[in-house]
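Please read it alongside the sequence and the model.

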Amino acid sequence: MNVTELLDEAKRLGVMIATAESCTGGMVAAALTDIPGSSAVVERSFVTYTNRAKQEMLGVNAATLDAVGAVSEEVALEMAEGALAHAPVQLTVSITGIAGPGGSEFKPEGRVCFGLASSGLSTTTETIEFGALGRDQVRLAARDHALKLLQTGLSRIAENQGG
(Lines give C-alpha, C1' and ligand atoms only; values in the text may rest on other atoms or scores of the structure.)
Protein backbone atom coordinates (compact mmCIF):
# COMPACT_ATOMS: atom_id res chain seq x y z
CA MET A 1 0.00 0.00 0.00
CA ASN A 2 1.41 3.37 -0.98
CA VAL A 3 0.65 6.66 0.77
CA THR A 4 -2.26 7.49 -1.55
CA GLU A 5 -3.83 4.08 -0.85
CA LEU A 6 -3.24 4.59 2.89
CA LEU A 7 -5.10 7.90 2.77
CA ASP A 8 -7.89 6.39 0.66
CA GLU A 9 -8.31 3.57 3.18
CA ALA A 10 -8.42 6.03 6.08
CA LYS A 11 -11.10 8.01 4.24
CA ARG A 12 -13.10 4.84 3.52
CA LEU A 13 -12.98 3.92 7.22
CA GLY A 14 -13.73 7.46 8.41
CA VAL A 15 -10.44 7.61 10.30
CA MET A 16 -8.58 10.82 11.09
CA ILE A 17 -4.82 10.57 11.66
CA ALA A 18 -2.27 12.47 13.75
CA THR A 19 1.46 11.94 14.05
CA ALA A 20 3.72 12.51 17.07
CA GLU A 21 7.27 12.84 15.80
CA SER A 22 10.63 13.51 17.37
CA CYS A 23 13.68 12.36 15.40
CA THR A 24 11.84 12.56 12.07
CA GLY A 25 10.89 16.19 12.64
CA GLY A 26 7.60 15.97 10.76
CA MET A 27 8.71 13.75 7.87
CA VAL A 28 5.75 11.38 8.29
CA ALA A 29 3.29 14.26 8.25
CA ALA A 30 5.07 15.67 5.20
CA ALA A 31 4.79 12.34 3.37
CA LEU A 32 1.08 12.20 4.15
CA THR A 33 0.36 15.81 3.26
CA ASP A 34 2.32 15.66 0.00
CA ILE A 35 -0.81 13.97 -1.40
CA PRO A 36 -3.58 16.33 -2.58
CA GLY A 37 -6.74 15.90 -0.54
CA SER A 38 -4.90 14.54 2.51
CA SER A 39 -6.65 17.08 4.73
CA ALA A 40 -9.69 14.80 4.59
CA VAL A 41 -7.87 12.40 6.94
CA VAL A 42 -4.70 14.06 8.28
CA GLU A 43 -5.74 16.22 11.22
CA ARG A 44 -2.40 17.36 12.68
CA SER A 45 1.16 16.55 13.55
CA PHE A 46 2.96 17.09 16.82
CA VAL A 47 6.68 17.65 16.26
CA THR A 48 8.02 17.24 19.77
CA TYR A 49 11.78 17.33 19.45
CA THR A 50 12.58 18.17 23.07
CA ASN A 51 11.50 16.44 26.26
CA ARG A 52 9.72 19.65 27.27
CA ALA A 53 7.69 19.61 24.04
CA LYS A 54 6.80 15.95 24.61
CA GLN A 55 5.50 16.85 28.06
CA GLU A 56 3.69 20.06 27.10
CA MET A 57 2.12 18.96 23.81
CA LEU A 58 1.51 15.25 24.41
CA GLY A 59 1.40 14.88 28.18
CA VAL A 60 4.43 12.59 28.35
CA ASN A 61 5.22 12.02 32.01
CA ALA A 62 8.44 13.61 33.30
CA ALA A 63 8.97 10.55 35.51
CA THR A 64 8.94 8.31 32.42
CA LEU A 65 11.49 10.51 30.68
CA ASP A 66 13.69 10.53 33.80
CA ALA A 67 13.44 6.77 34.27
CA VAL A 68 13.97 5.49 30.73
CA GLY A 69 14.82 8.46 28.54
CA ALA A 70 13.11 9.82 25.45
CA VAL A 71 14.28 6.98 23.22
CA SER A 72 12.19 4.20 24.72
CA GLU A 73 9.04 2.25 23.99
CA GLU A 74 7.51 3.70 27.16
CA VAL A 75 7.86 7.24 25.81
CA ALA A 76 6.73 6.15 22.33
CA LEU A 77 3.58 4.72 23.95
CA GLU A 78 2.91 7.92 25.91
CA MET A 79 3.51 9.99 22.77
CA ALA A 80 1.07 7.94 20.67
CA GLU A 81 -1.59 7.93 23.39
CA GLY A 82 -0.98 11.63 24.06
CA ALA A 83 -1.58 12.47 20.41
CA LEU A 84 -4.79 10.43 20.51
CA ALA A 85 -5.90 12.33 23.63
CA HIS A 86 -4.93 15.78 22.31
CA ALA A 87 -6.44 15.59 18.82
CA PRO A 88 -9.85 14.64 17.41
CA VAL A 89 -8.45 11.55 15.67
CA GLN A 90 -8.82 7.79 15.73
CA LEU A 91 -5.26 6.77 14.77
CA THR A 92 -1.81 8.01 15.77
CA VAL A 93 1.76 6.96 15.23
CA SER A 94 4.71 8.13 17.30
CA ILE A 95 8.45 8.11 16.63
CA THR A 96 11.35 8.78 18.98
CA GLY A 97 14.91 7.78 18.27
CA ILE A 98 18.56 8.52 17.70
CA ALA A 99 19.09 9.45 14.07
CA GLY A 100 22.73 10.30 14.64
CA PRO A 101 25.44 10.98 14.36
CA GLY A 102 26.42 9.48 17.65
CA GLY A 103 24.50 7.59 20.25
CA SER A 104 25.81 5.59 23.17
CA GLU A 105 26.58 2.04 24.21
CA PHE A 106 23.06 1.79 25.67
CA LYS A 107 21.22 3.75 22.98
CA PRO A 108 23.07 3.40 19.70
CA GLU A 109 22.66 5.47 16.58
CA GLY A 110 19.81 4.11 14.50
CA ARG A 111 17.61 2.98 17.41
CA VAL A 112 14.07 4.19 16.87
CA CYS A 113 11.03 3.46 19.03
CA PHE A 114 7.52 3.58 17.61
CA GLY A 115 4.03 3.68 19.07
CA LEU A 116 0.71 3.03 17.38
CA ALA A 117 -2.52 4.05 19.09
CA SER A 118 -6.10 3.89 17.92
CA SER A 119 -9.45 4.46 19.55
CA GLY A 120 -10.79 1.34 21.23
CA LEU A 121 -7.71 -0.81 20.52
CA SER A 122 -4.63 -1.51 22.59
CA THR A 123 -1.56 0.61 21.91
CA THR A 124 1.44 -1.22 20.50
CA THR A 125 5.10 -0.28 20.60
CA GLU A 126 8.26 -1.57 19.01
CA THR A 127 11.92 -0.74 18.65
CA ILE A 128 13.78 -1.02 15.38
CA GLU A 129 17.57 -1.00 15.22
CA PHE A 130 18.24 0.56 11.82
CA GLY A 131 21.96 0.79 12.58
CA ALA A 132 24.42 3.58 11.89
CA LEU A 133 23.15 4.32 8.39
CA GLY A 134 23.72 8.04 8.76
CA ARG A 135 21.22 10.64 9.93
CA ASP A 136 19.34 11.04 6.64
CA GLN A 137 18.92 7.31 6.05
CA VAL A 138 17.80 6.59 9.63
CA ARG A 139 15.19 9.33 9.38
CA LEU A 140 13.93 8.05 6.01
CA ALA A 141 13.78 4.48 7.29
CA ALA A 142 11.88 5.64 10.39
CA ARG A 143 9.44 7.61 8.23
CA ASP A 144 8.78 4.61 6.00
CA HIS A 145 8.32 2.30 8.97
CA ALA A 146 5.85 4.71 10.56
CA LEU A 147 3.83 4.78 7.34
CA LYS A 148 3.71 0.96 7.41
CA LEU A 149 2.53 1.13 11.01
CA LEU A 150 -0.30 3.46 9.99
CA GLN A 151 -1.29 0.86 7.38
CA THR A 152 -1.28 -1.78 10.12
CA GLY A 153 -3.40 0.48 12.30
CA LEU A 154 -5.94 0.95 9.53
CA SER A 155 -6.11 -2.82 9.04
CA ARG A 156 -6.74 -3.28 12.77
CA ILE A 157 -9.47 -0.63 12.71
CA ALA A 158 -11.09 -2.27 9.65
CA GLU A 159 -11.08 -5.65 11.40
CA ASN A 160 -12.56 -4.08 14.53
CA GLN A 161 -15.28 -2.41 12.44
CA GLY A 162 -16.05 -5.74 10.81
CA GLY A 163 -14.89 -4.86 7.34
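A18 stands opposite R44 in β2. Five bridges join β1 to β2, and the two strands run parallel; strands are DSSP runs of E with at least two residues, helices are runs of H or I with at least four, and both are numbered from the N terminus. The model is predicted, so local features need pLDDT of at least 70 and side-chain atom pairs count only at pLDDT 80 or more, while totals for chains, interfaces and linings use all residues. Residues are numbered from 1 along each chain as its sequence is written, and side-chain values use heavy atoms, with hydrogens and water left out.

**Sheet**
- The open sheet has five strands in the order β2-β1-β3-β4-β5, with mixed pairing; two strands pair if DSSP finds at least two bridges between them.
- β2 and β5 (121-129) are the edge strands, each pairing on one side only.
- From one strand to the next, the twist averages 10°.
- Helix α6 lies across β1, β3 (91-97), β4 (111-118) and β5, and runs at about 25° to β4 (axes are lines fitted to C-alpha atoms, for helices over the stretch in contact, and angles run from 0 to 180 degrees between N-to-C directions).

**Helix α1**
- The buried residues of α1 (residues 3-13) are V3, L6, L7, E9, A10 and L13; buried means under 20% relative accessible area, exposed over 50% and partly exposed in between, with a 1.4 Å probe and protein chains only.
- These residues lie on the same side of α1 because they cover an arc of only 160° around the axis, taken from the directions from the helix axis to the C-beta atoms.
- The face turned away from the buried side carries the exposed residues K11 and R12.
- Elements covering the buried residues of α1 include β1 (17-21), α2 (27-33), β2 (42-47) and α6 (135-161), where contact means heavy atoms within 4.5 Å.
- Just after α1, G14 takes a positive phi of about 70°.

**Residue E9**
- E9 is buried, with a relative accessible area of 19%.
- E9 touches L154 and A158, not counting residues up to four places away in sequence.

**Helices α3 and α5**
- The axes of α3 (residues 51-58) and α5 (residues 73-86) come within 9 Å and cross at roughly 35°.
- K54, M57 and L58 of α3 meet V75, E78, M79, G82, A83 and H86 of α5 in this contact.
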